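Student: Before I rely on the labels attached to this model, I would like to go through them one by one and hear what each rests on.

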Amino acid sequence: VKGWVQLVRGDVSEALAAFDAVIANPALAPFGSYNKALALAQVGDFEGADRLFSGEDGSGFQRTRRGVIAHAEVLGQLERFDEALA
């Protein structure tokens, strides 16, 4: 929750740090990665969001229905439409 509060307040750096703190806990890493990816997309960092959604960062992102849909939307923003459809 702290990450989203910081994001709403306009403090992107603090928000991302809060999500990173959640990701540091192995039991919560998938949850933290998903929320951090959403936050990155919210501020227009679609490349960063894609790295998280695709699991490239090694944070343990787990593919869920919501995550797949959000990732497809991010890929669409990056004009990678064929990948989004796949």
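Predicted model: local features only at pLDDT ≥ 70, side-chain atom pairs only at ≥ 80, totals over all residues.

Tutor: Residues are numbered from 1 along each chain as its sequence is written, and side-chain values use heavy atoms, with hydrogens and water left out.

Student: What makes H2 and H3 roughly antiparallel?

Tutor: Helices here are DSSP runs (H or I, at least four residues; strands are E, at least two), numbered from the N terminus. H2 and H3 pack with their axes 7 Å apart and at an angle of about 160 degrees, where axes are lines fitted to C-alpha atoms, for helices over the stretch in contact, and angles run from 0 to 180 degrees between N-to-C directions. Angles under 35 degrees count as roughly parallel, over 145 as roughly antiparallel, 65 to 115 as roughly perpendicular and the rest as oblique, so H2 is roughly antiparallel to H3.

Student: Which residues make the contact between H2 and H3?

Tutor: From H2 come Leu16, Phe19, Asp20, Val22 and Ile23, and from H3 come Ala29, Phe31, Gly32, Ser33, Asn35, Lys36, Ala39 and Leu40, contact meaning heavy atoms within 4.5 Å.

Student: Why are H3 and H4 given the label roughly antiparallel?

Tutor: The axes of H3 and H4 come within 7 Å and cross at roughly 160 degrees, and the two helices are therefore roughly antiparallel to each other. Their crossing is left-handed, a term for a near helix turned anticlockwise from the far one by less than a right angle, with clockwise giving right-handed. On the H3 side the contacts include Ser33, Tyr34 and Lys36, and on the H4 side they include Phe46, Leu52 and Phe53.

Student: What are the angle and the axis separation for H4 and H5?

Tutor: H4 and H5 pack at an angle of about 145 degrees, with their axes 9 Å apart, and their crossing is left-handed. Among the residues that meet are Ala49, Asp50 and Phe53 in H4, and Ala70, His71 and Val74 in H5.

Student: How many aromatic pairs does a search of the whole structure find, and what makes the pair of Trp4 and Phe19 edge-to-face?

Tutor: The search finds 2 aromatic pairs. Rings of Phe, Tyr and Trp (its six-membered ring) pair if their centres lie within 6.5 Å, and planes under 30 degrees apart count as stacked, over 60 as edge-to-face and the rest as tilted. Trp4 and Phe19 stand 5.5 Å centre to centre with 75 degrees between the planes, and are edge-to-face. Trp4 lies in helix H1 (residues 2–8) and Phe19 in helix H2 (residues 12–23), so the pair ties together parts that are 15 residues apart in sequence.

Student: Why is the pair of Tyr34 and Phe53 edge-to-face?

Tutor: The ring centres of Tyr34 and Phe53 are 6.4 Å apart and their planes lie at 65 degrees, so the pair is edge-to-face. Tyr34 lies in helix H3 and Phe53 in helix H4, and Phe53 is buried, with a relative accessible area of 1%.

Student: Which residues make up the largest nonpolar core?

Tutor: A nonpolar core is a set of buried Ala, Val, Leu, Ile, Met, Phe, Trp, Tyr and Cys residues joined through side-chain atoms within 4.5 Å. The largest one has 10 residues: Ala37, Leu40, Ala41, Ala49, Leu52, Phe53, Phe61, Ala70, Val74 and Leu78. Helix H3 (29–42), helix H4 (46–53) and H5 are the elements that give two or more residues to this core.

Student: Why does Lys36 count as buried?

Tutor: Lys36 has a relative accessible area of 15%, so the residue is buried. Lys36 lies in helix H3 and touches Leu16, Phe19, Asp20, Ile23 and Leu52, not counting residues up to four places away in sequence.

Student: Why is Glu79 called exposed?

Tutor: Its relative accessible area is 61%, so Glu79 is exposed. Glu79 is found in the loop between helix H5 (65–77) and helix H6 (81–85), and its phi is near 60 degrees, a positive value in a residue other than glycine.

How values were computed:
Buried < 20%, exposed > 50% of the residue type's maximum accessible area, 1.4 Å probe, protein only.
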